[in-house]
Amino acid sequence: MANPPMHKTGFTFGEKIRQIREKKSLTMKEVAEKAGVSESLISQIERNKVSPALDTLLAIVDVLDIDLEYLFSAFKRERAVKLVRKAERRKISTPKALYERLSQAGEPGDAHCIEAYVLELPVGGETGSQEYGHVGKELGLITQGRANFSIGSKTYELEEGDSISFPSDLPHLLQNTGKNALKAFWVITPPKNE
């Protein structure tokens, strides 16, 4: 069965295999013999004409002592990007706060998943709870206005340019104490609103 051409996935690694082979002063024939494949197949892989079967690739990687992470590093750089246009932001409105989700990095349930918000509190507005927290961590940056941030038994006064980070399993509350709307950039992990 013929191997599919590399261009179908858009990802190639043949050049890296060739460079490493040449750096180790090995011929295609030597690599082919040690990997148990034909010299022609090694040539086609190095020229990105075919994508090898996984067992073939692993045999070549073993012969050349290649770090798989290095071999696929370009693939990691080309992963999908999530773009959220300003007009497409998900908005969550409560009587005391407006949240605009900027983006979510990672998939729900992923241990490293985070989400970011632009948060706006009207005068007297607040977000959070003095009675309970939730699993995770948070980081906030005040971009406009003044606030009190209470966590556990402590309260901190925050103003424009101040940032705060904390474990969110403690009860916490952000209150607008200024004369104008409070705006903040907020990051939460794991996401609360999926």
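Predicted model: local features only at pLDDT ≥ 70, side-chain atom pairs only at ≥ 80, totals over all residues.
Trainee: What does the secondary structure of the protein chain come to?

Mentor: Six helices and ten strands. Of its 194 residues, 35% count as buried.

Trainee: Why is Arg101 called buried?

Mentor: Set the value against the cut-off. Buried means under 20% relative accessible area. Arg101 has 17% relative accessibility, so Arg101 counts as buried. Arg101 is found in strand E2, residues 97–105.

Trainee: Why is Thr155 called partly exposed?

Mentor: Buried is under 20%, exposed is over 50%, and partly exposed lies in between. Thr155 has 49% relative accessibility, so Thr155 counts as partly exposed. Its place is in strand E7, residues 154–159.

Trainee: What makes the pairing of Thr155 and Ser150 a polar contact?

Mentor: The N or O atoms must lie within 3.5 Å, and one must be able to donate a hydrogen and the other to accept it. The side chains of Thr155 and Ser150 are joined at 3.0 Å. Thr155 also touches Asn148 and Phe149.

Trainee: Which side chains make polar contacts with the side chain of Arg101?

Mentor: One is the side chain of Gln104, at 2.9 Å. Another is the side chain of Glu115, at 3.0 Å. The cut-off for both is 3.5 Å.

Trainee: How far apart are Thr155 and His172 in sequence and in space?

Mentor: They are 17 residues apart in sequence. In space they are 9.4 Å apart, C-alpha to C-alpha.

Trainee: Now the helices. Which residues of H4 are buried?

Mentor: H4 covers residues 54–64, and its buried residues are Thr56, Leu57, Ile60, Val61 and Leu64.

Trainee: How do you know that they line one face?

Mentor: Look down the axis of H4. The buried residues fall within an arc of 135°, so they line one face of the helix. An α-helix has 3.6 residues a turn, so residues three or four places apart point the same way.

Trainee: What is on the other side of H4, and what covers the buried residues?

Mentor: Leu54, Asp55 and Asp62 are exposed on the other side. The cover over the buried residues includes helices H1, H2, H3 and H5. After H4 comes Asp65, with a positive phi near 55°.

Trainee: What makes H2 a helix with one buried face?

Mentor: Val31, Ala32 and Ala35 are buried in H2. Down the axis of H2, they fall within an arc of 100°, so they line one face. Exposed Glu33 and Lys34 sit on the face turned away from that buried side. The buried residues of H2 pack against H1, H3 and H4. Gly36 follows H2, and its phi is positive, near 75°.

Trainee: How are two packed helices described?

Mentor: By the angle between their axes and the distance between the axes. For H2 and H4, the axes come within 9 Å and cross at roughly 115°. The crossing is right-handed.

Trainee: Which residues of H2 and H4 meet?

Mentor: From H2, Val31, Lys34 and Ala35. From H4, Ala59, Ile60, Val63 and Leu64.

Trainee: What classes of residue does the contact of H2 with H4 have?

Mentor: Six nonpolar, no polar and one charged. Lys counts as charged, and Lys34 in H2 is among the residues that meet.

Definitions and conventions:
Residues numbered from 1 in each chain as written. Heavy atoms only, no water. Buried < 20%, exposed > 50% of the residue type's maximum accessible area, 1.4 Å probe, protein only. Helix = DSSP H or I, 4+ residues; strand = E, 2+ residues; numbered from the N terminus. Arc of directions from axis to C-beta. Contact = heavy atoms within 4.5 Å. Axes fitted to C-alpha atoms, helices over the stretch in contact; angles between N-to-C directions. Left-handed = near helix turned anticlockwise from the far one by under 90°.
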